Amino acid sequence: AVGDSCVPHRDSLLLEAGFLAVLVAPLHLLKWRSTAWRPHDSVTFWLVRWLLFRLMFASGVVKLTSRCPTWWGLTALTYHYETQCIPTPAAWFAHQLPVWFQKFSVVATYVIEIAIPLLFFAPIRRLRLFAFYSQVLLQVLIILTGNYNFFNMLTIALAFSLLDEEHVGHWLGRSKRRHASTWPPSLRSFLSTLLELSTYALLLYWSVQSFGLEINWEKRLLDSKVAFTYHEFKMWLQTVTLPLVGLGFLSLSWEILSALYRCACVRGCFWKLWAMLQWAVFTTATVGMFAISLVPFTYIDRESNDKLWPGIHQMFSAVERFQVVNSYGLFRRMTGVGGRPEVVLEGSYDKQSWTALPFPGDSGPLGSSPAVLWGVPAAWGADAVSPAVIRLVQVDESQYPFSARPPVYIRAQLYKYWFTGSAEGSQGPAPWWRRQHFQEFFPTVSLGDPALENLLSQHGLKDKLSPLRPTDALLPWLLRSLRQLVRPFSGPTVLWSLYLVAATVCLLRALGRRPWGGAPPARHKGPRRGEPTDRGGGEKNGQVRRKEAKEAEEKGEGRARGAADGHGGTKKKK
């Protein structure tokens, strides 16, 4: 299926994102009870945005460099929904959409993956927000129509690098900015709006020209086609690859200089030096990560890759085995165009009556709907009645056809599956699938058959005896207890329950920070008389703020005592 290309990229993305989390996570060595913000945080956090850019841009580019006829013909999505790894029920409905809409969806995919990622580094905040919501929209649609485990959720998490504190605060109801409209607008605001509208217009013009978008009023549909050749696209890619590297370098340089300025604004000589030291360390690490990431990023154009400084290639070769930076390119080619190939494993007692062995996520009976899975493994061993194997294949052991006695014979048949059409009807429940037998995938064998044993040994699939481990240790006991506790529930039920619990905890924490009754929030008021005004945006450390507040309090008490003494003296004179 088409989704098989997603698996190595999914694991590589998890490794790289996990390593970046080490650089992005807060580090407090000397500041106890200090805030989570650090002057250099924007530098390391920029690497997350750069990873998102490399992931999306390369994923869009490889669809065209692969010369896949379905991507060039804009017909890829007419096959994708039924040939992906594990489609969801929503994929069946998406498959029924008209062909013109499927082709327009491919055009939208190209725009979101190739053109919009350039806005990740835009200096205008609203353009970055537009890019964020475009990426989230694409990932949500993929989640609704396909099972790709954590991949899309991780991509959405990376997209949060496009947001700022003000926008997130607006979500949580803690926005500190007052949006007051002024007329006439300032020159800066006018130019920013003009540049933003020009960007949207240029994006629309590029989309119409590159993909021949034209409304067919007679047929009431939107026609689209690729309006450029493979050679033209390769020349364009060769022209923009190194300038994109330069764009990334300029964006990173701005973040580094801005962080340096924030470090210089920190109060106190010691804390200023400490902030500078952290800035130097994390800036060096960030620049190094950016440099070695250029090697896998420029794989999209070999000539650009050859123009990189040889020292960068040497640095990448030294760390390549750790996979801290990787190349990406999702769904390079659309496979399964002639039908969804699927191997059906069957068991029998007499070689006459065969029963299919179910696996999580397979198409299964023609009347069964596609599954929604989250991290459910699929495995099979030669022992088809082992309780451990049965639990991997079927949660409800009573539904497993060979739960009482293992099959004597096993064979594998190759079928081609297709989604049924919306007009196809039948007596009883409408089927989701139709299939056709293609060929025998593996001949009939019995358990213990020498041919099967030799085949398993040849491919290294024979079970190996593992050294015995003590079963009375604490960790094995905890794992067994946990498995016993969740055994009655399916994998998706357990995972969704954990997600809902985590979301509920976050929601309650957010609501707990909001004021309930009483005076309105302090953010809607100016500073009271006698209270310090913090204009540094967190640049003062906690000790300085507490000292200023204490001094202001002492001054207020002194004024109050002076006023009381004055009233007393007046009374004595009277």
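Visitor: Which residues touch the most other members of the largest nonpolar core?

Guide: A nonpolar core is a set of buried Ala, Val, Leu, Ile, Met, Phe, Trp, Tyr and Cys residues joined through side-chain atoms within 4.5 Å. Buried means under 20% relative accessible area, exposed means over 50%, and partly exposed lies in between (1.4 Å probe, protein chains only). Here the largest core has 95 residues, and Leu13, Phe53, Phe57, Trp71 and Tyr110 touch the most other members. Helix α2 (residues 41-65) gives the largest share, 14 residues. Helices (H or I, at least four residues) and strands (E, at least two) are DSSP runs, numbered from the N terminus.

This is a predicted model: local features need pLDDT of at least 70, side-chain atom pairs count only at pLDDT 80 or more, and totals for chains, interfaces and linings use all residues. Residues are numbered from 1 along each chain as its sequence is written, and side-chain values use heavy atoms, without hydrogens or water.

Visitor: Why does this core lie between domain 1 and domain 2?

Guide: Domain bounds come from an automatic or database domain assignment. Domain 1 (3-27 + 37-173 + 193-322) and domain 2 (340-423 + 431-463) both supply residues to the core, so it lies between them. Another core, of six residues, lies apart from it; Leu357, Tyr400, Ile410 and Ala412 are among its members.

Visitor: How do α7 and α8 pack, parallel or antiparallel?

Guide: Read the angle between axes. Axes are lines fitted to C-alpha atoms, for helices over the stretch in contact, and angles run from 0 to 180 degrees between N-to-C directions. Under 35 degrees is roughly parallel, over 145 roughly antiparallel, 65 to 115 roughly perpendicular, and the rest oblique. Helix α7 (residues 125-145) and helix α8 (residues 151-159) pack at about 170°, axes 9 Å apart. They are therefore roughly antiparallel. Contact means heavy atoms within 4.5 Å. On the α8 side, the contact residues include Met153, Thr155 and Ile156.

Visitor: Is Thr155 buried or exposed?

Guide: Thr155 is buried, at 2% relative accessible area. Leaving out residues up to four places away in sequence, Thr155 touches Leu13, Leu52, Leu55, Met56 and Gln139.

Visitor: What is the phi of Arg220?

Guide: Most residues other than glycine have a negative phi. Arg220 has a positive phi, near 55°. Arg220 sits in the loop between β1 (214-216) and β2 (221-223). Its relative accessible area is 75%, so Arg220 is exposed.

Visitor: Where is Gln323?

Guide: Gln323 is in the loop between α14 (310-319) and β3 (340-348). Its phi is positive too, near 55°. Gln323 is partly exposed, at 32% relative accessibility.
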